[in-house]
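Please look over the two-chain model below.

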Amino acid sequence: MRDLDGLKRELEHTRLTAVTRRHFLRHCGTGLGALWLATTAGAVDRLGFARAPAEPLAPLPPQFPAKAKRVIYLHMAGAPSQLELFDYKPVLARLDGQDCPPSFLEGKRFAFISGVPKMLGPQFPFHPSGQAGAWISDRLPHFERHIDDVCFVRSMRTDEFNHAPAQLMLHTGSPRFGHPSLGSWVTYGLGTENQNLPGYIVLVSGGKTPDGGKSLWGSGFLPSVYQGVQCRAQGDPVLFLSNPADVSRPERRRVLDAIGDINREQHARHGDPETLTRIAQYELAFRMQVSASEAMDLSRETAAVHARYGTQPGAESFANNCLLARRLAERGVRFIQLYHWGWDSHGASESEALTTGFPKRCLEVDQPIGALLSDLKERGLLEETLVIWGGEFGRTPMRENRNGQEMKFVGRDHHPGAFTVWLAGGGVKPGFSYGATDEMGYNIVENPVEVRDLQATIIRLLGFDHHKLSLPFQGLDQKITGVKPTRIVREIIA
Amino acid sequence: MFNPWTLARPVLFAAFLAGGTQAAEKIDFNRQILPILSDACFHCHGPDPETREARLRLDQRDGLFRTREGVTVVAPGQPDASELILRITSPHEDEVMPPRKVARQLKPAEIDLLKRWVAGGAPWGAHWAFSPPQRPAVPVPADPQLAARVSNPVDAFIFARLEREKLAPAAEAPPETLLRRVTLELTGLPPTPAELDAFAADRSPDAYERVVDRLLASPRYGERWAWDWLDLARFADTNGFQGDPERTMWPWRDWVVNALNANMPFDRFTIEQLAGDLLPGATTEQKLASGFHRNNMFNGEGGRIPEETRVENVFDRVETTATVWLGLTFTCARCHDHKYDPIAQQDYYALFDIFNQLSETGRNQGGGQVPPVMDLSTPAEQERVKRANAKLDALARRVDAFELKKFPRPEGRPVADSPDAIKLPGNLYATHAKVEPRRRNINGLLEALPHFQATDPDPEYAKLLEEHIAAVRERDNATARITRVMIMDELKERRETFVLTRGSYEHKTDQKVVGAIPALFRGAAEAGGARARPAHGKIAGPSGADSPPAAAPGEPRLNRLDLARWLVSPGNPLAARVTVNRAWQAFFGTGFVKTAEDFGVQSEPPSHPELLDWLATEFVARGWDLKALHRLIVTSATYRQSSRVTPELLERDPDNRLLARGPRHRMPSWMLRDQALAAAGLLHEQRGGPAVKPYQPAGIWEEATFGKKTYQQDHGDALYRRSLYVFWRRIVGPTTFFDAGARQVCTVKVARTNTPLHALVTLNDPAYVEAARVLAQGALATATDDSGRVDQVFRLVTARRPSAAERDILLRRLATLRGQFAADPKAALQLASTGEAPRPGSLDPVEHAAWTALCSLLLNLDETLSRE
């Protein structure tokens, strides 16, 4: 323990040097800095800064001033129906039960629809709400109280129509495995504010990992320090966080002190700076054992808070994860990714029918999301926290007819051509709606937003040019938005 | 404010990457100019015609030196007459190149370099990696003392460079450090105290070389090097994606281990894995080897279009082949011509055609085991299945006859049609009555038996059911022993291949393509030797004559075997280089080419180009002998240097690219686990066979598979098998490894990061805690006093004895730990009982726990975690 201060000083020096370098490089695009850039790609990235090897997650300033300091991403895995929540289509309601026009089917492919399906009207009543009069169904009353805080994008589209590739597309920019996730890019670019907690935390509800698996929070070709850390409700919140078998904190402290002492001897003899890094990481691990356990411990919240969110300590619920998200945001975690599950409303069974399973899912998320938004706002965190809600694609305005037959339950098939996401806080326009679909909710007729456009916009809100948040790999400057033309949706930025 | 050294460093670095002193104005086109042109110009003036502007190509000699309408792009010796220089220095917005709106702008230093290059006569050359390696002369260091330290040509190149940089190599590492380094490196396991003693005692001049030969001959060698190959082969025990069904590919993994141990020449190793099934008279082993390209993931998600999956799999095979044997990224060319490297979309689909002939349909019918598969069972195993089936058939006929009486119904109708069957409770109607006796499964029968024994007794029928259960069990056991493994095959009727628009399986263009090597290498093939030149679809491989016709006479359409043979022929300038580079990366942490996955135009120039080419040519000259290559590297004085580093050297060469010191790195996590098991004496060295499931926190698989897969942890010896044999579920991966490849796509780069989460694993994962407590048991059982025990364990994990200061720290810590555990004997016993390995009841729990904590400490020392 006694040399920790010295070590911290040493690390701080390295960090300052890194920041200084970054400053230097940013403001002096020529001369030595430029030469450095030309020769040591990798050690110094395209953003123009060297990373302190001892603190790969040290907080770094963004390229431009930005309101959003962190992200809470609420992903509804399975893809919720926009037509039952946010995209109101009275014409579709009128056409309910009629044969789908052939123009909808030509050249299209579906996961399950075959032959000529019937059109399916919205299954729940809609009404205009908030100052802007945004239409919303009756399924999300708690969320609705915040309708003037959020910005809807009703014209999202993606290239993928199966869950795993579409989820990968949304979170990593590529439908294939091996690419870094958005959270990895963001922690790579910004580091994180609290070194005692992972910078990128993933919470799944019901213990159900989405189809894309943990690649959705993988770091791809970025160093693995930037991969998402899944915190679990079962067992240790972070794998192997607890000391083994009743080993006490003081015992562990003494063991670490001795490790540190011997490592310092080793460093004095051998000179490898990696040894100092090792000491630092063991100290961080020791602090993380306390910080992560504390951050993940919901029993520290008051009864009023629990009532507001509908949380139960120990459960693996979306409600618990929303409250955890607020606790983690307060503690300076950079990217907090939540996954809810069960939104794949095909109608093949009761649990995935629009009329039965779907309202249950709405109940599970509505109150906690409302509570999270209120809570963030009251604590002054919403301004600097970008909250995003959405699925991996949308759902068809046609009723699913698996094998060309009417199914027992009511459902909709996958639809990559149109879906809705909403964003709140973090510098987006509140009470604003962007983009529109046709009167069936099938095709986008106004302001289409590709997945990569959304990613570029999120990255911009965090203070980066998405072209610059990149890493040379396989002979290319790799970035999450890929090589296709991408636009920042400036219209939704406040 | 900041240390001036941090700024001076890159300048020196730039100088040494440039490969020479700054005084001599000899600009190397390949290493200095081409990277600038590629990065700043090729996007619009490069290989891809779609994005090409002004019909100008700067990636080809003709384009670069072209004169059109009186304008010369580059006029050698005349910067002022060169449009390229005029454009990049133009003050006019509408003239200047690159255009101001483009992100990649030229830096003044780059502009200056381009000017000097043109002024100096504008020497030109194709990208170095696309020309065959030329064997350079071995340099001799000028300093006789340095020359005397040269152990083999590796050192000659490294030392000559150090001399130019005015650096000196470090002294040789101490013997115990060296033995630990080379033993871990070559076998993945630490040296034993006996081996350390023997090496220390051996004064003969070739003591080290003999150790190396012993290690290379060890069967552990293959187990260690298989790991790297499995990472690039994206090997796993499941398919990945939704449901993540299991597959049986371990026989292929064992093939790799055996081939490496037998030191199969790398050209044969290549050919058998890419096309073993196509070799004339292919043996079972050769067909098994072809499983290399069945290791890719397989998407069997519901709603998936089979053709899409099939095409994705072919993409993966093309791109993996390109990464492993060409060190090039072909992925871009799926959708369009490569922007920087001369790889056309047509080239991509020419390789696609070669891998497009597998009988795989994209449909997933066999769970994880997607056809084509090969049956690897022995005649005895097949006989057992046959007998079990015959017995089951006979019994089913008896059951059928009995049931005709018991459940009366018209003959030929199922039991379900009998009015008596409707009365069956629970699932029995579905699992018993509706299923003909031959097809009933064990679960249904086990439910039926108690019903007819107790609820609705029919002793005669119950007896028959018991026999039926026994017969089904025997049949299940017999078939479970049958091992089937996925391999490659070739369609009789070849699939036609068309270029796909933007790589979409649905959007075939009318551009038909047949199997061929990329055009870029056809020139090289001609230059590199006529033997490698494709003529009438035939490529003579290294072994020449046994090449079968690739296609119908007159149709130059290459197949997998032709491609495999070409890849390891003199016509391919890259296979030996990328292989040697990966080996260098394994030993020194970074390859000559830092980007092991990319040798293309955009890659950083190699740190030691001559040595890379010398090693590549040496590797081939020695018959693609991997063990000889490894021996050459580890017996070099370069490798044997101490890894001690001074602050000055650290400033000068932080990443140790110049190698004025030995390599020092944190070991891969799989090796750390093996080391802990070996040091504790827990390691169970059984080679090969199905994967094992050691300790893993509860719920990991369930969470990832919607509860469909439950982790059934193994017990006994299986807990202590080498990491190589740990079951790899692709969507979650084993929890005990960190910085490991995801085994989803081909990975040739090593990840080495340092985070608190890693510390949590080696401190708290039961695998490591158990190793610590068994280490403690060993120490308490053998050495007589605390000092002796500390020395013993310290040596087991670091190969050396502790210094007095270190021993003192450890003994003091031991004393406090004893005090703590004495105060809490319950906790002491709990810690001392971690894991399933036996614990002698005679051991005092407090003493055992204190030593366990101390051993855990020792397993977490930086030195223990590093290959020093």
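In which sense do strand 8 and strand 11 of chain A pair, and over how many bridges? Strand 8 (residues 385–390) and strand 11 of chain A pair in the antiparallel sense, over 3 bridges. Two strands count as paired if DSSP finds at least two bridges between them.

This is a predicted model: local features need pLDDT of at least 70, side-chain atom pairs count only at pLDDT 80 or more, and totals for chains, interfaces and linings use all residues. Residues are numbered from 1 along each chain as its sequence is written, while chains are lettered from A and ligands numbered from 1 in the order in which they are written. Helices (H or I, at least four residues) and strands (E, at least two) are DSSP runs, numbered from the N terminus.

**Strand 11 of chain A**

Strand 11 of chain A covers residues 419–424. Met156(A) has Phe419(A) as its bridge partner in strand 11. Val387(A) stands opposite Ala424(A) of strand 11.

Strand 11 of chain A is mostly covered, with 6 of its 6 residues buried. Buried means that 20 or more other C-beta atoms lie within 10 Å of the residue's own; exposed means 12 or fewer, and partly exposed is in between, with C-beta atoms placed from the backbone. In a regular strand the side chains alternate between the two faces of the sheet. Here Phe419(A), Val421(A) and Leu423(A) point one way, Thr420(A), Trp422(A) and Ala424(A) the other, and all are buried.

Two packed helices are described by the angle between their axes and the distance between the axes. Axes are lines fitted to C-alpha atoms, for helices over the stretch in contact, and angles run from 0 to 180 degrees between N-to-C directions. Two pairs are listed here.

| Helix pair | Angle | Axis distance |
|---|---|---|
| Helix 10 (residues 318–330) and helix 11 (residues 357–378) of chain A | about 15° | 8 Å |
| Helix 7 and helix 8 of chain A | about 170° | 9 Å |

Helix 10 of chain A is therefore roughly parallel to helix 11 of chain A. Helix 7 and helix 8 of chain A are roughly antiparallel to each other. Angles under 35 degrees count as roughly parallel, over 145 as roughly antiparallel, 65 to 115 as roughly perpendicular and the rest as oblique.

Residues are in contact if their C-beta atoms, placed from the backbone, lie within 7 Å. In helix 10 of chain A, the residues that meet helix 11 include Phe318(A), Cys322(A) and Arg326(A). Their counterparts in helix 11 include Val365(A), Ile369(A) and Leu372(A). By class, this contact has 11 nonpolar, 1 polar and 3 charged residues. Ala, Val, Leu, Ile, Met, Phe, Trp, Tyr, Cys and Pro count as nonpolar, Asp, Glu, Lys and Arg as charged, and the others, Gly among them, as polar.

Where helix 7 of chain A meets helix 8, its residues include Leu256(A), Ile259(A) and His267(A). Helix 8 contributes Ile279(A), Tyr282(A) and Phe286(A), among others. This contact has 6 nonpolar, 6 polar and 2 charged residues.

**The interface**

72 residues of chain A are in contact with 85 residues of chain B. Helix 1 (4–27), helix 2 (31–39), helix 5 (163–172), helix 7 (249–270) and helix 8 (273–295) of chain A each supply at least two residues to this side of chain A. Helix 7 of chain A gives the most, with 11 residues. By class, the side of chain A that touches chain B has 31 nonpolar, 29 polar and 12 charged residues.

**Chain B**

Chain B has 37 helices and 8 strands. Its C-alpha trace spans about 105 × 80 × 55 Å along its principal axes. Of its 868 residues, 50% count as buried.

Helix 14 (residues 266–275) of chain B is mostly covered: 10 of its 10 residues are buried. The cover includes helix 13 (250–261), helix 16 (306–326) and helix 23 of chain B.

Leu561(B) sits in helix 23 (residues 560–567) of chain B. Leu561(B) is buried, with 25 other C-beta atoms within 10 Å. Not counting residues up to four places away in sequence, Leu561(B) touches Ala275(B), Leu278(B) and Leu279(B). Leu561(B) and Leu279(B) are 282 residues apart in sequence, yet 7.3 Å apart in space, C-alpha to C-alpha.

How values were computed. Two residues are in contact if their C-beta atoms, placed from the backbone, lie within 7 Å.
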